[in-house]
Amino acid sequence: MTPLLDVRHLVKEYPAAGRGWFRRSAPARVVDDVSFSIASGETFGLVGESGSGKTTTARCVLRLIEPTAGEVRFQETDVLSLPARELRRARRHFQMVFQDPSGSLNPRRRAGEIVGEPLAIHRVGTREARRARVRELFDTVGLTGDDLTKYPHEFSGGQRQRIGLARALALEPALVVCDEPVSALDVSVQAQIVNLLTDLQQRLGLTYLFIAHDLRLVRQICDRVAVMYRGRLVEVAPAERLFTAPVHPYTRALLSAIPRMQPGDRLERIPFDAASVARTELREVSDRHFAAV
Amino acid sequence: MKSPSDPVRLRVERLRTVFPEGPGHDVPVVDDVSFDVGAGETLALVGESGSGKTLTALSIVRLVPAPGRVVAGRVTLDGRDLTALDEAGMRAVRGRRIGFVFQEPMAALDPLYTIGFQLAETIAVHGLARGAAAGRRAVEMLEAVRLPDPARQAREYPHQLSGGQRQRAMIALALCAEPSLVIADEPTSALDVTVQAEILDLLGDLRRRLQLSLLLITHDLGVVAEAADRVAVMYAGRIVEEAPVARLFAAPAHPYTRGLLASLPGTRPGRRLDAMPGSVPAPGRAGPGCAFAPRCAEAFDPCRVRPPTEFDVETDHRARCFLHDPERRVAGTAS
């Protein structure tokens, strides 16, 4: 079966800082030869610490920024070679949900207008049909008809994330990239949004690229997980496998730092020495389990 | 761990802080809050945003931003009544007897001065040492928080350090006047998980070595499990449950605490989480009864009529919930 999304040798470089004598010799490689593929209906987790390049990877995949090199195939379409007009048309199939729901919602627009905007831009149906679709989307994400005419500031953080989700789902995308979708929310609200994401996936057959730093959450909801370190993937495996039998030293260090939820039962921390690890390609260490060792 | 013989270092009694909302109408943000922190003990104050945990800390040191104000309660530190102090007296306590660590170290560090200068200045201001001696002490403090090459780091400016190093520098700043209590407000929330682990280990280590008391404010139950001796859970301005950390995780008594623990990922198999319905009420928006009642699956008649008082669940474990009202429990067994 061909994957829904196939990313090969993705590279994103930023030009070296400084000028003349002070110019750093090499450009900064934020994403360094990253390859992975996601099957339809799968939830693929991308984890790593800040600055590891996970958000840049996602943005390159959606071509919100232009990668330096590599290949991105979405349902057989070569995303990176699409001319602007066709890229816009293709974008309806892959959408993004952001971390800070308030930062991604226009404060001067009513919730109904925000959710209906993608439909208007892509000129989907008549005005009446669009209005009906927006009401349906509100219902889908657990908002009410009364919420249609409210402004973003009138909602709680969790409700704002529901608006962001409704907007992302408006054009019936196949792939939704979730970049830290619940990390700005309170614990009790986080669970509601996570459940909503899970329900929507089952109902609508969505595929998720799920970026998060909360490793416990990733373990809970992802089918497969890729660990990113300094722009490179160091390990990719089915979620349970990764969390119970990590192979790469960085993954092991990262997992050992997760707080246990059992007071007094503290796992021995595993330190990680970057210098001790050779830079190698991913290889299959066991079934569907890849590591750069 | 706390034992009954441990002296109480910080005692907070019936603290109440309000913000005005229109003329003659005050909204409580910290309501009837009482707790003790023993010598060498870490008490975690846990809650979601708007629960009043940070305002409780600010009320203790009388730094509540205007127009908010502390209207009732008593705070004693090492037996000394802080509420009776005037502003000058309070200023002598802040930084000297009580150190602070914040989520964002750049808020506490001055970008224009080197780390070493800021430490030495603080040491001199509190009259602990001056001149070269203060400088030497500054380097010792950086060593104590395990910054690599402390003599060199002392000459660096805050922006030259990484996030984790800055957090270490701020801990050094909080400790340099040898306070008996440190208030740490989300000290690791902005850090990556591996750096968080290092900072938590450091705080635990310093606490043991210096017999420091720590009031740890956090929303992260993982941090609580790792670092706290006792936990006070806040909801809508009140402490709803307090217990030793192992007890709280093993046998939470308040439905809110139970809901919080159940909603965490990794606590049950399958993809769905056990989510609590609704969200935290805005200050002043809770009804006459228990603020949690609208979200509570176990709420019964009295919960909607009046706020519950605290009931003992066990020794050293109390909950503000009618489920633990002994009269109800007696009635329950009788029927």
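Mentor: Two strands are said to pair if DSSP finds at least two bridges between them. The model is a predicted one, in which local features need pLDDT of at least 70 and side-chain atom pairs count only at pLDDT 80 or more, while totals for chains, interfaces and linings use all residues. Residues are numbered from 1 along each chain as its sequence is written, with chains lettered from A and ligands numbered from 1 in the order in which they are written.

The sheet to examine belongs to chain B. It is open, it has 8 strands in the order β6-β7-β8-β3-β9-β10-β12-β11, and its pairing is mixed. At the edges stand β6 (98–101) and β11 (311–314) of chain B; each has a single partner strand, so one side of each lacks a neighbour in the sheet. From one strand to the next, the twist averages 20°.

Strand β7 of chain B (residues 181–185) pairs with β8 of chain B (residues 213–218) in the parallel sense, over 5 bridges. Two positions illustrate that pairing: B:I183 has B:L215 as its bridge partner in β8(B), and B:A184 stands opposite B:L216 in β8(B). Strand β3(B) is likewise joined to β8(B) by 5 bridges, and these two strands run parallel. Here B:T42 faces B:L214 of β8(B).

As for burial, a residue is buried if 20 or more other C-beta atoms lie within 10 Å of its own, exposed if 12 or fewer, and partly exposed in between, the C-beta atoms being placed from the backbone. By this criterion β8(B) is mostly covered, with 6 of its 6 residues buried. B:S213, B:L215 and B:I217 point one way from the strand, B:L214, B:L216 and B:T218 point the other way, and all are buried.

Contact between two residues requires their C-beta atoms, placed from the backbone, to lie within 7 Å. Helix α1 of chain B (residues 53–60) lies across β3 (42–46), β7, β8 and β9 (230–235) of chain B, at about 145° to β8(B). Helix α6 of chain B (residues 163–175) lies across β6 and β7 of chain B, at about 170° to β6(B).

Chain B has another sheet, open and of 4 strands, in the order β2-β1-β4-β5 with antiparallel pairing. Its edges are β2 (26–38) and β5 (80–81) of chain B, each with a single partner strand, so one side of each is left without a neighbour in the sheet. Strand β1 of chain B (residues 8–20) is joined to β2(B) by 9 bridges in the antiparallel sense, and B:L10 stands opposite B:V37 in β2(B).

On the scale of the chain, the domain assignment gives domain 1 (8–97 + 179–334) and domain 2 (110–173) of chain B; such bounds come from an automatic or database assignment. The centres of domain 1 and domain 2 of chain B, taken over C-alpha atoms, are 32 Å apart. Contact between these domains of chain B involves 9 residues of domain 1 and 9 residues of domain 2. The side of domain 1 of chain B that touches domain 2 of chain B divides into 6 nonpolar, 1 polar and 2 charged residues. In this classification Ala, Val, Leu, Ile, Met, Phe, Trp, Tyr, Cys and Pro count as nonpolar, Asp, Glu, Lys and Arg as charged, and the others, Gly among them, as polar.

Finally, chain B meets chain A: 32 residues of chain A are in contact with 30 residues of chain B. On the chain A side, α6 (187–204), α7 (215–221) and α9 (249–256) of chain A are the elements that give two or more residues, and α6(A) supplies the largest share, 8 residues. The residues of chain A on this side comprise 14 nonpolar, 11 polar and 7 charged. Helix α9 of chain A contains A:A253, which counts as buried because it has 20 C-beta neighbours inside 10 Å. Leaving aside residues up to four places away in sequence, A:A253 touches A:I270, A:P271, A:F272 and B:T194.

Conventions: Axes fitted to C-alpha atoms, helices over the stretch in contact; angles between N-to-C directions.
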